[in-house]
Amino acid sequence: MSVGAVIVAAGRGTRAGGGSPKQWRPLAGGTVASHTLAAFTSHPKIGQIALVLHTDDIEATLWPADTQAEIVTGGDTRSASVRAGLAALEGRFDHVLIHDVARPLITHAVIDRVLTALESSDAAAPAIPVTDALWRGENDIVTGTEDRTGLFRAQTPQGFDLAKIIAAHNTANTNAADDVEIARLAGLDVAIVEGDPNNLKITGPDDFARAERLLNERSPGPMDIRVGNGFDVHRFGPGDHVILCGVTIPHTRGLQGHSDADVGLHTITDAIYGALSEGDIGRHFPPSDPQWKGAASEIFLAHATGLAASKGFKISNIDCTLICEFPKIGPHAAAMITEVARITETNQNRISVKATTSEQLGFTGRGEGIACMATVTLIAQ
Ligand code: MG
């Protein structure tokens, strides 16, 4: 099953207070929209998100900068916005989840229940059975009671066979309350799956307070942790010093390379690019480009660090091992750690620079060059 998601965020709802549409208001360290997006981007079965926005919001670039969602311009009504989102995913997936951005407490458990039901049904949606007594009232006086048997409170995400819900929307031509109604008008059976009482829809100021409390109480969700490795070698040549992890060390030889040949910083840089699935130094700083000749490798590492930050990651730790017989690294390791910490804006106690010889074996053992390996861990902020 391939699944895309449409997150409808084109509403202008300001009933929740704060002046701006509720999806952009701060909530538990992010915004309503950022929490909603995070739940979907971190779900392993969702291949693409179409984030449907109001034109004004697209210009204001209010959505999270690092979102991997595809930005889609919404329409005048909710249905028109959903149709725009569906059109963006058409033909690329066989199923779709349609979710209201104002439900930031959506969990993977609810998403999974909808997806499981879609294996045997054209449509499925979460809901909560009504357990409170239902009254009719007028002028603050109870005028009657309603039988609650068989009544449910509808939630999102609502899941569908993508082609069938597109066809349903194209023929419905109505501004229905939700997509389940559109599906039913088209004759689709909609399976009910268990919703989550905490999957609330933020409407008024009280909902903000409750959502904030629930998000803060939540045990940490699935953390996005990335590990990258790097390996590099530079050959010895004529010279009187080497630069390793940003530190100049007098030596009887120098390291050869297009830049300053700092094999330590190159390796750490490649490990960060690796963790980000962003290739290697050569991709970002082609050796064919003369402007990097003799360049301080600090530039490369700062770029990789900045790229990680722009994608929402911070460096958790760096472990770097230099492999050589000479020069001796031990006396310089503390200075190297200080340099790497400075360039990566990471606390020194999260940086390790150590060294090993190769017992006089191989090219490092024969003193032909220096090798380096590094591991980096990145954590989504
Ligand atoms: Mg290199």
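**A helix and its cover**

Tutor: The cover over the buried residues of α5 includes α3 (78-89), β6 (95-100), β11 (158-161) and α6 (179-185). Contact here means heavy atoms within 4.5 Å, and helices (H or I, at least four residues) and strands (E, at least two) are DSSP runs numbered from the N terminus. This is a predicted model, in which local features need pLDDT of at least 70 and side-chain atom pairs count only at pLDDT 80 or more, while totals for chains, interfaces and linings use all residues. Residues are numbered from 1 along each chain as its sequence is written, and side-chain values use heavy atoms, with hydrogens and water left out.

Student: OK, so which are the buried residues of α5?

Tutor: In α5, which spans residues 162-172, they are Leu162, Ile165, Ile166, Ala168 and His169, where buried means under 20% relative accessible area, exposed over 50%, and partly exposed in between (1.4 Å probe, protein chains only). These residues lie on the same side of α5, because they cover an arc of only 160 degrees around the axis, the arc being that of the directions from the helix axis to the C-beta atoms.

Student: And which exposed residues does the face turned away from the buried side carry?

Tutor: That face of α5 carries Ala163, Asn170 and Thr171. At the start of α5, the backbone nitrogen of Ala163 has a side-chain oxygen of Asp161 within 3.2 Å.

Student: New topic: which residues coordinate the magnesium ion?

Tutor: Asp232 through OD, His234 through NE2 and His266 through ND1 coordinate the magnesium ion at 2.1 to 2.3 Å. Donors are N, O and S atoms within 2.8 Å of the metal (3.2 Å for Na, K and Ca), and since water is not among the atoms, sites may look incomplete. The sequence spacing of the donor residues is D-x1-H-x31-H, and both Asp232 and His234 are buried.

Student: Which members of the largest nonpolar core touch the most other members?

Tutor: They are Leu244, Ile268, Ile272, Leu322 and Met336, in a core of 44 residues; a nonpolar core is a set of buried Ala, Val, Leu, Ile, Met, Phe, Trp, Tyr and Cys residues joined through side-chain atoms within 4.5 Å. The elements that each supply at least two residues include α8 (263-275), α10 (298-310), β17 (313-323) and β19 (369-380), and the largest share, seven residues, comes from α8. If neighbours within four places in sequence are set aside, the contacts of Leu322 include Leu244, Ile329, Met336, Val353 and Cys372.

Student: And how many disulfides does the structure hold?

Tutor: It holds zero disulfides, a disulfide being a pair of cysteine sulfur atoms within 2.5 Å. For Cys245, the closest cysteine sulfur is that of Cys320, which at 4.2 Å is too far for a bond. Cys324 is not in a disulfide either, with the nearest cysteine sulfur, in Cys372, 9.2 Å away. Cys245 is buried at a relative accessible area of 0%, and Cys324 also counts as buried, at 4%.

Student: Where does Cys245 lie?

Tutor: Cys245 lies in the loop between β14 and β15, and has a positive phi of about 50 degrees although it is not a glycine.

Note on methods
A polar contact is a pair of N or O atoms within 3.5 Å; within protein, one must be able to donate a hydrogen and the other to accept it, and residues adjacent in sequence count only if both atoms are side-chain atoms.
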